Amino acid sequence: MATPVMDKAQATATADYITATFRIRRFNPEESDAVIWEDFQITIDPKERVLDALHKIKWDTDGTLTFRRSCAHGICGSDAMRINGRNRLACKTLIKDINPDKPITVEPIKGLTVLKDLVVDMEPFFQAFRDVMPFLVTEGNEPTRERLQSAEDRERFDDTTKCILCAACTSSCPVFWNDGQYFGPAAIVNAHRFIFDSRDEAGEQRLEILNDKDGVWRCRTTFNCTDACPRGIEVTKAIQEVKRALITRRF
Amino acid sequence: MSTDTSGAIDGVTLYDVDNPAPVIEPPRKRTKKTPKGGGTNFEMIAWLFMRLSGIVLVVLVIGHLLIQLVLDGGVSKIGFAFVAGRWASPWWQTWDLVMLWLAMLHGANGLRTVINDYAERDNTRFWLKMLLYTATVFTILLGTLVIFTFDPNIS
């Protein structure tokens, strides 16, 4: 096999670069209590992701820009932010897909306390997650082998196992913006994952938790959560299934 | 900035590393102390009621609008005699009574959820709901009274 020629590829590599403006919502409590929009112009390949642009700004232009990211590949769920008015993962959003001709706005997710720049306090979000008991609950003696489950039983809750707890859904929910006491879509999705698991035995208990005044009945079915989910989980459908389970078990 | 509400006065900022600016917290947030489950099914029954009464109201309200505004001469036919003639029949009395109760309760419950969603302070929420409940009870009672005690021979 012939060795590929490199020089042509290198010549075209920088030719695709564009100049894009990133309008980032900045807040630094150690300097001022004011929130400001700051524009950064950078030269970047439009096939790169928004996260790469943020890195470029942080590393080359302004080291004080603060944001969360861990794996940078859409698995850890750290870098959910509001890009051009929609909740997305910065590491899964290509610059070419969000019209780089206009300034691209980047904000922290809404409904949670902004600590600095794009970093928010996730504690209320995780509190709601903990409140639905997101772990397997069983009775009786521990089996000597795996807890087996048919493929159909596994399929029942397959969609809601994909959640990465990035908070894109919960922070896109208008009910959550106005009242953080609401459990929020992410907590309900993670309850759904165990309620419909044939191996779990605390379904009733979780349904009772979500029957609360801040539980599933506060959902207004606006579908913001389904649109926001970077993993493509049908969040609103999962919430409706929990509502149906609550009604059919008692009627 | 012309409308500068930050702590900067004459270029001197009030905030630094040891004295950071206050963060803006959402009005209500979930903590460990958030009460868990009142043990009632009220929210579920309210949710179900909205769905069921909605279906019935579609029939009742569209029928009502057709009879009042479209069929048989439209709105020009409505007068004291028309209302008196309709309420002479128990069928239309029941129709209007059911429509009144369902529409008022449906609307009041809808407004209750709106107040729960949007009122930020506990006090505001409480008084808005009290105002809503008072108006609802008053309208339902007055309407019911009129339907049952309507006298076509009024002088």
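A quick note on terms before the points: a residue is called buried when its relative accessible area is under 20%, exposed when over 50%, and partly exposed in between (1.4 Å probe, protein chains only). By that rule A:Asn28 counts as buried, because its relative accessibility is 17%.

1. **What we are looking at.** This is a predicted model, in which local features need pLDDT of at least 70, side-chain atom pairs count only at pLDDT 80 or more, and totals for chains, interfaces and linings use all residues. Residues are numbered from 1 along each chain as its sequence is written, chains are lettered from A and ligands numbered from 1 in the order in which they are written, and side-chain values use heavy atoms, with hydrogens and water left out.

2. **Chain A overall.** Chain A carries nine helices and seven strands; these are DSSP runs, with helices being H or I of at least four residues and strands E of at least two, numbered from the N terminus. Its C-alpha atoms fill a box of roughly 65 × 60 × 30 Å along the principal axes. Of its 251 residues, 51% count as buried. Among contacts (heavy atoms within 4.5 Å) with a separation of 6 or more, 63% come from residues 24 or more positions apart.

3. **Two domains.** Chain A splits into domain 1 (16-120) and domain 2 (123-136 + 154-248), with bounds that come from an automatic or database domain assignment. Their C-alpha centres lie 27 Å apart. On the domain 1 side 14 residues are in contact with 15 residues of domain 2.

4. **The domain boundary, in area.** About 1,100 Å² is buried between the two domains of chain A, and carbon and sulfur atoms give 59% of that. Buried area here is the accessible area (1.4 Å probe) that two parts lose on being put together, summed over both. A:Asn87, A:Lys110 and A:Leu112 supply 40% of what domain 1 buries against domain 2, more than any other three residues.

5. How many salt bridges run between domain 1 and domain 2 of chain A? The count is zero, taking a salt bridge as a side-chain nitrogen of Lys or Arg within 4 Å of a carboxyl oxygen of Asp or Glu. Three residue pairs are in polar contact there, both at pLDDT 80 or more. A polar contact is a pair of N or O atoms within 3.5 Å; within protein, one must be able to donate a hydrogen and the other to accept it, and residues adjacent in sequence count only if both atoms are side-chain atoms. On the domain 1 side, β3 (80-83) and β4 (86-89) of chain A each supply at least two residues, and β4(A) gives the most, with three residues. That side divides into six nonpolar, four polar and four charged residues. For the classes, Ala, Val, Leu, Ile, Met, Phe, Trp, Tyr, Cys and Pro count as nonpolar, Asp, Glu, Lys and Arg as charged, and the others, Gly among them, as polar.

6. **Chain A against chain B.** The contact takes 39 residues from chain A and 37 from chain B. It buries about 3,200 Å², with carbon and sulfur atoms giving 54%. Across this interface there are four salt bridges, one of them between the side chains of A:Asp131 and B:Arg30 (2.7 Å, N to O). Ten residue pairs are in polar contact, both at pLDDT 80 or more. The elements giving two or more residues to the chain A side are β6 (114-116), α3 (123-131), α5 (174-178) and α9 (235-248) of chain A. That side holds 16 nonpolar, nine polar and 14 charged residues.

7. **A wrapped helix.** Helix α6 (residues 185-195) of chain A has eleven of its eleven residues buried, so it is largely enclosed by the rest of the structure. Its buried residues, including A:Asn190, A:His192 and A:Arg193, pack against α3, α4, α7 (203-210), α8 (224-228) and α9 of chain A.

8. **Loop residues to look at.** A:Asp117, in the loop between β6 and β7 (119-120) of chain A, has a positive phi near 45° without being glycine, and it is buried at 2% relative accessibility. A:Ala167, in the loop between α4 (151-156) and α5 of chain A, has a positive phi near 75°, again in a residue other than glycine, and counts as buried at 2%. Back to A:Asn28: it sits in the loop between β1 (18-26) and β2 (36-44) of chain A, and a polar atom of its side chain lies 3.0 Å from the backbone nitrogen of A:Glu30.
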